[in-house]
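Hi everyone, thanks for coming.

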Amino acid sequence: MISQFSEDEIQRYSRHILLPEVGGIGQMALKGASVLIIGAGGLGSPTALYLAAAGVGRIGLVDDDVVELSNLQRQILHATADVGRRKIDSARATLEALNPGIVVETYPQRLDATTAEGLISQYDLVCDGCDNFATRYVVNAACVKTRKVLVSAAVQRFEGQLSTFRPWRGGPCYHCLYPQTDGEASGLSCGEAGVFGAVTGVMGTLQATEALKELLNIGQSMAGRLLMWDALRTRFTTIMLEADPNCPVCGGMGVEQTCTPQQQATPSAG
């Protein structure tokens, strides 16, 4: 398996290859894998950087925004010189400079019900770090329909949330956790509520970690569990989730394999 890597790749990924849980076979699996990242902002930045560094062979970036000065407090894919530039262009340049051996594909658009399914179907896994609930519901529905694993993270102020959704293998979908009402869940965006910059770094790094675990099929999945982090108190809390048997999106396909939630989660826009 090692012979299928170039000498540069062996050196670049040597610390992964040394891990029994990854090794040459796992690193080759990452090289052949593809991940679509929704949002090249506070969460998408660390997620994309660590997936690129890990050698995920094809990374897609979806974002229709341009870099603003207020982004630079947390969106580490971009630099001051990128202000006014499309985020996906800035992000692509950064990722290719970090790892020229990967393919970065960019989509300057906001996903909607007419485009999400076709795009998501082209990737193995989706990381959602967008900043609005309308897009989150669209992404979730498309992932359920195409049976693509969704790793979702969100941040607000000093708090973060993370979970993995793959209801066809047990557990809820995003809609089970946050039922959609009146077309949109309640909650403030980061632009309205504020966000502590380093919190996005922690949650984005955790998101990348869970995505890599899913691609490698190692460790315990976050499916059926919700991780909540309170940065001010340095406190992590994990709660169990259950699928909604009447969910209009997943139909409760994972309801028999989940546990009853012990605490009510509060939505966060990201």
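I'll start with the sheet, then zoom in on one strand, and finish with a few loop residues.

A quick word on the source: this is a predicted model, where local features need pLDDT of at least 70 and side-chain atom pairs count only at pLDDT 80 or more, while totals for chains, interfaces and linings use all residues. Residues are numbered from 1 along each chain as its sequence is written, and side-chain values use heavy atoms, with hydrogens and water left out.

Okay, the sheet. When I say helix or strand, I mean DSSP runs numbered from the N terminus, with at least four residues of H or I for a helix and at least two of E for a strand. Two strands pair if DSSP finds at least two bridges between them. So what is the order of the strands here? Reading across, we get β3-β2-β1-β4-β5-β6-β7-β8, an open sheet of 8 strands with mixed pairing. From one strand to the next, the twist averages 15°.

Contact here means heavy atoms within 4.5 Å.

Let's zoom in on β7, residues 225-230. How many of its residues are buried? The count is 6 of 6, where buried means under 20% relative accessible area, exposed means over 50%, and partly exposed is in between, with a 1.4 Å probe and protein chains only. In a regular strand, side chains alternate between the two faces of the sheet. In β7, Arg225, Leu227 and Trp229 point one way, and Leu226, Met228 and Asp230 point the other.

Who sits beside β7? On β6, residues 159-165, the pairing is antiparallel over 4 bridges; Glu159 stands opposite Asp230, and Gln161 has Met228 as its bridge partner. With β8, residues 235-240, there are 6 bridges, again antiparallel, and Met228 stands opposite Thr237. β7 and β8 form a hairpin with 4 residues between them.

Thr234 is exposed, because its relative accessible area is 62%. Arg157, in the loop between β5 and β6, has a positive phi too, near 55°. At 43% relative accessibility, Arg157 counts as partly exposed.

Last stop, two buried loop residues. Leu111 lies between β3 and α6 and is buried, since its relative accessible area is 5%. Not counting residues up to four places away in sequence, Leu111 touches Ile38, Val62, Ala116, Leu119, Thr135 and Val139. Asn71, in the loop between β2 and α5, counts as buried because its relative accessibility is 5%. Leaving aside neighbours within four places in sequence, Asn71 is in contact with Val66 and Lys87.

Key
Axes are lines fitted to C-alpha atoms, for helices over the stretch in contact, and angles run from 0 to 180 degrees between N-to-C directions.
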